[in-house]
Amino acid sequence: MNFNVPSGAPETGASDDQVKALQKYSIDGPFVEPVVRCDACQELLVVAQMRRIGKCTSCGNTRVRNVTVMQDTDMEKVTQWAADGVIDPDWVKLFAGVQ
Ligand SMILES: [Zn+2]
C-alpha cells in the first residue's frame, strides 16, 4: 500500500511550488489546513464545509485531527477537490510524491 506524506524537507528535492506550499502551511495551529480527518470514521473533511455543519458530514462526530498521511484513494479525493476549487491546490502539493 502506498502512503503519501508531506516531504517536510525542501532540500531533498522538493519543487519551488512545494517549498512555497510548505511555508504556507508550516504554522502549527488549529485547522489552518483546508482538509482534516474525522477522528471517528477517518473520513477526509473539507474544513470550510465541516465548519458550516459543525460536525463530520459522514458520521456526525465533532472531533477531527490534522491529516498526516494520505492513501492513494485520499489523494484522488483531495486532487479532485483542488481541481474543483474546493480547496487550495497548494495544500495537495504537500502530499505529492517528491521525485
Ligand atoms: Zn466521521
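Visitor: Which residue in S3 is the bridge partner of Arg37?

Guide: As a general idea, strands of a sheet pair through backbone hydrogen bonds, in either a parallel or an antiparallel sense. In this predicted model, the bridge partner of Arg37 in S3 is Leu44, and strand S2, residues 35-38, pairs with S3 in the antiparallel sense over three bridges.

Visitor: In what order do the three strands of the open sheet stand?

Guide: The order is S3-S2-S4, and the pairing is antiparallel. Strand S3 (44-46) and strand S4 (64-66) stand at the edges with a single partner strand each, so one side of each is left without a neighbour in the sheet. On average, and with direction ignored, neighbouring strands of this sheet are turned by 45° against each other.

Visitor: Which residues of the largest nonpolar core touch the most other members?

Guide: The general idea is that, in soluble globular proteins, nonpolar side chains tend to be buried together. Here the largest nonpolar core has 15 residues, of which Val35, Val36, Leu45 and Trp91 touch the most other members. S2 and helix H4 (89-93) are the elements that give two or more residues to this core, and S2 gives the most, with three residues.

Visitor: What does Leu45 touch, not counting residues up to four places away in sequence?

Guide: With those residues left out, Leu45 touches Val35, Val36, Cys38, Met50, Cys56, Thr57 and Val64.

Visitor: How far does helix H3 reach from its first C-alpha to its last?

Guide: Helix H3, residues 72-83, has twelve residues and reaches 16 Å, close to the 16 Å expected at 1.5 Å a residue. H3 is followed by Gly85, whose phi is positive, near 80°.

Terms used
Residues numbered from 1 in each chain as written. Predicted model: local features only at pLDDT ≥ 70, side-chain atom pairs only at ≥ 80, totals over all residues. Pairing = 2+ DSSP bridges. Helix = DSSP H or I, 4+ residues; strand = E, 2+ residues; numbered from the N terminus. Axes fitted to C-alpha atoms, helices over the stretch in contact; angles between N-to-C directions. Expected span 1.5 Å × (residues − 1). Core = buried A, V, L, I, M, F, W, Y, C linked by C-beta atoms within 7 Å. Buried ≥ 20, exposed ≤ 12 C-beta atoms within 10 Å, placed from the backbone. Contact = placed C-beta atoms within 7 Å.
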